[in-house]
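Visitor: Good morning. Could you take me through this structure, one topic at a time?
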Amino acid sequence: MPLQAIAFYALAAVTVFAGLAVVFARNPVHSVLFLITAFFSAAGLFVLMGAEFLAMMLVVVYVGAVAVLFLFVVMMLDVDFATLRQGFARYLPLGGLVAAVLTVEMVLAATSVAHRGAASGSTAPAAPNGAMTNVEAIGRLLYTQYVYVFQAAGLVLLVAMIGAIVLTLKHRSGVKRQSVAAQMARTAKGGMKLVSITSGEGVDA
Amino acid sequence: METFWSSPVGWLVLTAGQILAVLVWILLSLAFLLLADRKIWAGVQMRKGPNVVGPFGALQSFADFFKFVLKEIIIPAGADKTVFLLAPLISFTLAFAAWAVMPLAPGWVVSNINVGVLYLFAISSLGVYGIIMGGWASNSKYPFLGSLRSAAQMVSYEVSIGFVIITVILLTGSLNLATIVEHQAGGFWHWNVLGGGGLKGLPMALVMIPMSVIFFISALAETNRPPFDLPEAESELVAGYQVEYSSTPYLLFMIGEYANIVLMCALISVLFFGGWQAPFPTPFLAHWAPTAASFFGFLWFFAKIIFFFFLFAMVKAIVPRYRYDQLMRLGWKIFLPTSIVAVVLVAAWRVFGPGAGA
């Protein structure tokens, strides 16, 4: 199908270009925007492979939530571009090492999968064969075979969330807060005092 | 001819034609819905509203359009020019991209994909970028504050929208929007808002009616409509993220915003109120020509969209603006727990209720 080939090369080129631009952009906000472009075109690649559920999840979770927070933080930080670029040479060896290790790992994983077939070893997660959409396939797998791992992953996230809240929660004393319940419970009887005043005398609090 | 339409080029032409048809329909409807919005608002405040251009001011939106297009585009000094111009384009494009999966009538949909609901959710979660980028690129305080407010607000309400959508997905058992609509066939008591299972499903109405209300309110927040228009609260931030915008870029923001509102109206009717299904059983449609039957469904769908748009306009006219902490409290402390409980209830109903396993 020529259309799919065209779409693949276009999306792949955009992904690679955006990935490089994330690193080389001068302005950190531009970096984040390129990162979003990279996520988005990666989602497009997922769709081409028939993994439409993963593609949508990538967009919803990474682009719709995680990257928004990135952008949020980067915009609020007052980043000095000059000092940022000075550190480039210093961190280059370490960063290069990490990148090299990651690349080697990815190539190894990809080649081994290519050799043995994606589903070898386990009992047939099965490519969606028309009878089952891939949402259903993923759902069945996650909630039957891998249900405990899945729940454990959820617990890890919950712990992380609670940890973040505990670390940042600060009860300041002496701050007036709105109490909706108290506001709503307030009636004319308790909140208002009627005073009859004889004219010319004023009110004595 | 058969071979041409099934070839890649024919497919491209056909799809482009469908997209164009939907686009023209939305833009034309928008012109009049925008006018209706202003007229309703004016009516509530006992004003006349726009009444000069054309009969009853019917052509006001077109006059505004030409005025916007013919004005000079001003880009503030110190603005990030590329991002500044990209932001309204993103808002505009995303607002229309979402319509690709919307089933307008039986068989009338540009792309009937399996994960239609998720696609809509994904696209609407991207909408926040147009606003953040616009606010940041303006290099000015009010737009920036407006865009930060907007980012927090839209991300917060997306969470509860997500859970409300899950309740609908659980009831119908599909992520495909056309399937969700077909599941609600057979009269208004089959609509998801009343449990989606005919008379047997009626107990679920207790959960689904509040869910549809939550969805409606979250849709208001998601589209930055009053009473949740804090990103552009004109009494505090002048016009929020769009302060520095003029001419066509502003117009694109504006159209994008209204297209999103209409999209949300369409989404409410598809998810809860049966989409293109008539509120009564329609066995007679089987004898109609397919095109006529589709058109019949389309009219119902359009009527529902207009009804919900009317609600949007009324809310704008009569409800005062929320304070920011109230907005966040409503989203996180009320809607989120309520919708999570609803998800549990609906899931339990699907497993243990009378329609279990269906």
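This is a predicted model: local features need pLDDT of at least 70, side-chain atom pairs count only at pLDDT 80 or more; totals for chains, interfaces and linings use all residues.

Visitor: Where does Lys48(B) lie in chain B?
Guide: Lys48(B) lies in the loop between α2 (8-44) and α3 of chain B.

Visitor: And which residues is Lys48(B) in contact with, leaving aside its neighbours within four places in sequence?
Guide: With those neighbours left aside, Lys48(B) is in contact with Lys39(B) and Ala42(B).

Visitor: New topic: aromatic rings. How many aromatic pairs are there over all chains?
Guide: The count comes to 27 aromatic pairs over all chains. One of the pairs is tilted: the rings of Phe68(B) and Tyr250(B) have their centres 5.3 Å apart and their planes at 45°.

Visitor: Which helices do Phe68(B) and Tyr250(B) belong to?
Guide: Phe68(B) is in helix α3 (residues 60-70) of chain B, and Tyr250(B) is in helix α10 (residues 247-271) of chain B. The pair links distant parts of the chain, as the two residues are 182 residues apart. Phe68(B) itself is partly exposed, with a relative accessible area of 25%.

Visitor: What about Phe92(B) and Phe96(B)?
Guide: Phe92(B) and Phe96(B) also form a tilted aromatic pair, with 4.9 Å from centre to centre and 55° between the planes. Both residues are in helix α4 (residues 81-97) of chain B; they are four residues apart, so about one helical turn separates them.

Visitor: Which rings are linked into a cluster?
Guide: Ring pairs link Trp25(B), Trp99(B), Phe295(B), Phe298(B) and Phe302(B) into a cluster.

Visitor: What does Trp99(B) touch?
Guide: Not counting residues up to four places away in sequence, Trp99(B) touches several residues, among them Val22(B), Trp25(B), Ile26(B), Leu104(B) and Ile305(B). Trp99(B) is also one of the residues with the most contacts inside the largest nonpolar core.

Visitor: How many residues does that largest nonpolar core have?
Guide: The core has 117 residues. Those with the most contacts inside it also include Met102(B), Tyr129(B), Phe215(B) and Leu271(B). As background, nonpolar side chains in soluble globular proteins tend to be buried together.

Visitor: What makes the nonpolar surface patch of about 680 Å²?
Guide: That patch is made by Leu155(A), Leu158(A), Met161(A), Ile162(A), Ile165(A), Val166(A) and Leu169(A). Leu169(A) is placed in the loop between α6 (147-168) and α7 (180-185) of chain A. Leu169(A) is exposed, with a relative accessible area of 55%.

Visitor: Last one: which residue has a positive phi of about 55° although it is not a glycine?
Guide: That residue is Asn139(B), which lies in the loop between α5 (116-137) and α6 (141-172) of chain B. Asn224(B) is not a glycine either and has a positive phi of about 60°; this residue is found in the loop between α8 (205-222) and α9 (234-237) of chain B.

Visitor: Is each of them buried or exposed?
Guide: Asn139(B) counts as exposed, at 52% relative accessibility, whereas Asn224(B) counts as buried, at 3%.

Technical notes
Residues are numbered from 1 along each chain as its sequence is written. Chains are lettered from A and ligands numbered from 1 in the order in which they are written. Side-chain values use heavy atoms; hydrogens and water are left out. A nonpolar core is a set of buried Ala, Val, Leu, Ile, Met, Phe, Trp, Tyr and Cys residues joined through side-chain atoms within 4.5 Å. Buried means under 20% relative accessible area, exposed over 50%, partly exposed in between (1.4 Å probe, protein chains only). Contact means heavy atoms within 4.5 Å. Patches are made of residues with over 30% relative accessible area and no salt bridge: like charges are joined within 9 Å, nonpolar side chains (Val, Leu, Ile, Met, Phe, Trp, Tyr) within 5 Å. Accessible areas come from the Shrake-Rupley method with a 1.4 Å probe; for residues, only the protein chains shown count as cover. A salt bridge is a side-chain nitrogen of Lys or Arg within 4 Å of a carboxyl oxygen of Asp or Glu. Rings of Phe, Tyr and Trp (its six-membered ring) pair if their centres lie within 6.5 Å; planes under 30 degrees apart count as stacked, over 60 as edge-to-face and the rest as tilted.
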